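Hello,

Please find the structure we discussed below, with the sequence alongside. My notes on what was found in it follow.

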Amino acid sequence: MAAISAPAKEGTNYERYRARKRAMRAHTWAEIKKHRTLYLFLAPFAIVFTAFVLAPVVISIILSFTYFNVLELPRFVGFQNYLNLFLADDVFLIALRNTMILAVITGPIGYMSAFLFAWFINELPRFVRAFVTLVFYAPTITGAAFMVWGFIFTGDAFGYLNANLLRLGIIQEPVLWLVNPAYMMPVIIIVVLWMSLGAGFLAFIAGLSTIDEALYEAGLVDGVKNRWQELWFITLPNMQGMLMFGAVMAITASFAVGQVTQDLAGFPSTDYAVHTVVNHLIDYGAIRFEMGYASAIATILFLAMIYAKILVGKFISKIGQ
Amino acid sequence: MVKAIRQGNRTAVKRRARISRAVRKPNRSIGGDIFIWFLLIIFGAFFAFPLVFAINNAFKPLNELFIWPPRLFVINPTMGNFQDLFILMSRSWVTFSRYIFNTVFITAVGTVGHLMVASMGAYAISKYNFPGSKFFFGLVITTLMFSGFVTAIPNFLIIASLGWIDTYWAIIIPAFAMPLGFFLLKQFIDTVPMSLVESAKIDGASEWTIYSRIIMPLVKPAMLTAMIFSVQALWNNPQANLIYTEQLKTLPFALGQIMGSPHVPNIARAGTGAAATLIMIIVPILLFIVAQSNILKTMANSGIKE
C-alpha cells in the first residue's frame, strides 16, 4: 500500500495523476512477482479454459453483431440482429415468455427442493445415504432419462398415463398430452422439476458434510430449539459458497430448458406453446444456419441469466440475519 | 506440524463418529423424523422411476415391451436382450472392446487431468488475492451461463486449428477446463480457514505441500463430487463431430447406432436397446455409489482453533 500512497507532491494535476498511475503499476507488478507461484498453480487451468471455454464464448458474442451463414465470412451488421429479435420476430417474444415462465417456476422450486432433499438425506447413515442420493439423482445420472416421460405421456392409448386413466374410466379417449397446447406447459414443468436435482443437489450433499459439528453444539447452548432454527441460523450461513453454486446451477438449468421440450413436445411444438429461447436458438443455429442471429439469441439469454444471478446473490447474502 | 494437523483431524473424525453413533442428534423430534422419512419415500419413488424403468425394460422379452396396457414391471424376465446385444457386439466391424477402451481411456484421463488442473487453480484463487484473481473467477462463473449450442462452431474451429480433430485430445484436453468442477472446488476451498494455511507456512511448508497435504484431504467431498460431474460428462459424450475414425469412437456412439435416435427408434431392436441403456449407465452408477459413500465428515475447521 505504501507504494500507492506516495505520489509526487509537486507538479500539475496531470503530472500527479501520472505519478500515481506509475506507482500503482509498480505496486501491481510487485504483487504479481510476489505471487508468481500462484500464477503457476492457476496457469494450466487458465490456459485450457481460455482456449476452449472463454474464446468460443467471446467469438460467439462478436458473431452476434454479424450476419454469418457458416459458409461465407461473417459480415458486420451492428445491432441489426438485436433489433430484429425484439421488433420483428414474434416467435422470439413467445419463446422469451415461455422461458421466463419456466425459469420463474422451476428455478426457485428446483433450487429449494434440491437443498431440502440434500438436507434430509444428509442425516441418514452412510450407505443408506449413498443409495438414497443415487435414487434422487437418478434423473440426471441416467443421461436422457426424461425420455421415459415420453412413454408416460404418449398421446395414444399405449401411453402409461392414458392407458391407466382409460382403464379407470376417468377419461373416455386418449389425451394428447404433448400435442394439445392446454396440457403442454404443465407437463414440461413437471418434467423439468423432476430433473432439477442435479449438480446443485450433489454440491449440497458434499457441502453439508464440511460443516463443523461443534457449531451445532454451540448452537444448542445458545438456545437453538429445533431443526428448522438450526437450519436457518447455523447450516445455511455456513453454506453460502455452496448455496451460490447451487443457485448458478439452478439458473443455468431453468433458463436453458430446450432439449426436453424438443424431444417430448416436438420441434416446433404446437402453436409454439412450449417453444423456448434455446429452441429458437437451435432453430436459427442448426436448421437455418444463421449463426449471427443465433449468437444474438444466446447473448440475450446470457444477459438474462447474469441478471438473475445478481438478484439471487443479493438474496443469499441476507441468509441467517 | 502438517502431519500433526492431519493426524489431529483423523482422531477427531473418529471420535466424532463414535459420539454421533452413540447419542441421538439434538434438536430432532421423532415426529419430524417420521415426516422426513415419509417425504423421502414418496419422492424417492417419483425420482427412482427412470432407474426402475431401465432395469425392468432390459429384462423384458419383446412381447412385454409392447404389451397393452403397458406394464412397468417385468413378468417373465429374460437374458435374451443381453444375448442379442452381445451377438451384435461380436459381429461389429470394429471389435467392441475397442469402443469400451476408448470410452474408459477418455473418461479416466480427462477426469484425472480435470481434477488436478481445476483443484490447483481453485486453490490459488480461493486462498490468495492477487492481481486478476477475482476477475478470472468472475469469468469462469459467467461462462457457465453461456449456451453451448452457439459455441460449438468456434470450439470446433479452435480444435481444428490445433490439429486435434480425430484424436482423443479433442475431447480430453477441453474437459480439463470444465468450469463446473473449478467453481465447485473453489467454493469448498473457501471454507478451509486461512489460518491453517498460514500456520503451515510458518512451519516452512511450500505452496505445493499445503495444496497437496492439507487442502486436498480437507476438500475430499468436493473432489469426489467433481469427479462424478466429470465422469458423467465424459462417459455419456458421443462426440461424433470431433472424431471420425471408427476405431476411435466411443461406447455411447456405438450403442447409439444399435438403439437408433430418439426420433427414429430402432423398434425391432427395442429390447437390445434397453439392454444397451442399462450397460451404459451401470458404470457411472457404481462409481457414484462408491464416491457418495466416501463423502464423510471432513472437519475442515476442527484441526485448528482460532
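**Notes on the model**

Phe65(A) sits in the loop that links α2 and β1 of chain A. Please keep in mind that this is a predicted model. Leaving aside residues up to four places away in sequence, Phe65(A) touches Phe76(A), Val77(A) and Gly78(A). Ser295(A) is 230 residues from Phe65(A) in sequence, while their C-alpha atoms are 8.4 Å apart in space.

**Other points in the loops**

Most residues other than glycine have a negative phi, and most peptide bonds are trans.

- Val70(A) is not a glycine and has a positive phi, near 75 degrees. Val70(A) is in the loop between β1 (66-67) and β2 (75-76) of chain A. With 11 other C-beta atoms within 10 Å, Val70(A) is exposed, because the limit for that class is 12 or fewer.
- Asp166(B), also not a glycine, has a positive phi of about 70 degrees. The loop between α7 and α8 (169-176) of chain B holds Asp166(B). Asp166(B) has 14 C-beta neighbours inside 10 Å and therefore counts as partly exposed.
- Phe267(A) and Pro268(A) are joined by a cis peptide bond, with omega near 0 degrees. Pro268(A) belongs to the loop between α13 (259-265) and α14 (277-287) of chain A.

**Helices in chain A**

Two packed helices are described by the angle between their axes and the distance between the axes. In chain A, helix α4 (residues 90-122) and helix α9 (residues 199-208) have axes that come within 9 Å and cross at roughly 40 degrees. The crossing of α4(A) and α9(A) is right-handed. On the α4(A) side the residues that meet α9(A) include Tyr111(A), Phe115(A), Ala118(A) and Trp119(A). Among those on the α9(A) side are Gly200(A), Phe201(A), Phe204(A) and Leu208(A). By class, the residues of this contact of α4(A) with α9(A) are 11 nonpolar, 2 polar and no charged.

Which residues of helix α11 (residues 227-235) of chain A are buried? They are Arg227(A), Glu230(A), Ile234(A) and Thr235(A). Viewed down the axis of α11(A), these buried residues fall within an arc of 70 degrees, so they line one face of the helix. An α-helix has 3.6 residues a turn, so residues three or four places apart point the same way. The cover over the buried residues of α11(A) includes α10 (213-221) of chain A and α2 (30-58) of chain B.

**Where the chains meet**

In the contact between the two chains, 85 residues of chain A are in contact with 85 residues of chain B. Helix α2 (residues 36-63) of chain A gives the largest share of the chain A side, 18 residues. That side of chain A divides into 61 nonpolar, 15 polar and 9 charged residues.

**Chain B**

The secondary structure of chain B consists of 14 helices and 0 strands. Chain B has 306 residues, of which 37% count as buried. Among the contacts in chain B with a separation of 6 or more, 78% are between residues 24 or more positions apart.

Helix α12 (residues 220-235) of chain B has 16 residues, which at 1.5 Å a residue should span 22 Å; the end C-alpha atoms are 22 Å apart, which agrees. Is α12(B) mostly covered or mostly uncovered? It is mostly covered, with 13 of its 16 residues buried.

The axis of helix α5 (residues 96-127) of chain B comes within 9 Å of the axis of α12(B), and the two cross at roughly 140 degrees. This crossing is right-handed. Residues of α5(B) in the contact include Thr103(B), Ile106(B), His114(B) and Leu115(B), and those of α12(B) include Met223(B), Met227(B), Ser230(B) and Trp235(B). The contact of α5(B) with α12(B) has 9 nonpolar, 7 polar and no charged residues.

Finally, Ala152(B) lies in helix α7 (residues 148-161) of chain B. Ala152(B) is partly exposed, with 16 other C-beta atoms within 10 Å. From Ala152(B) to Leu248(B) the distance is 20 Å in space, C-alpha to C-alpha, and 96 residues in sequence.

Regards

Technical notes:
Residues numbered from 1 in each chain as written. Chains lettered and ligands numbered in written order. Predicted model: local features only at pLDDT ≥ 70, side-chain atom pairs only at ≥ 80, totals over all residues. Helix = DSSP H or I, 4+ residues; strand = E, 2+ residues; numbered from the N terminus. Buried ≥ 20, exposed ≤ 12 C-beta atoms within 10 Å, placed from the backbone. Axes fitted to C-alpha atoms, helices over the stretch in contact; angles between N-to-C directions. Left-handed = near helix turned anticlockwise from the far one by under 90°. Contact = placed C-beta atoms within 7 Å. Nonpolar A, V, L, I, M, F, W, Y, C, P; charged D, E, K, R; others polar. Expected span 1.5 Å × (residues − 1). Arc of directions from axis to C-beta.
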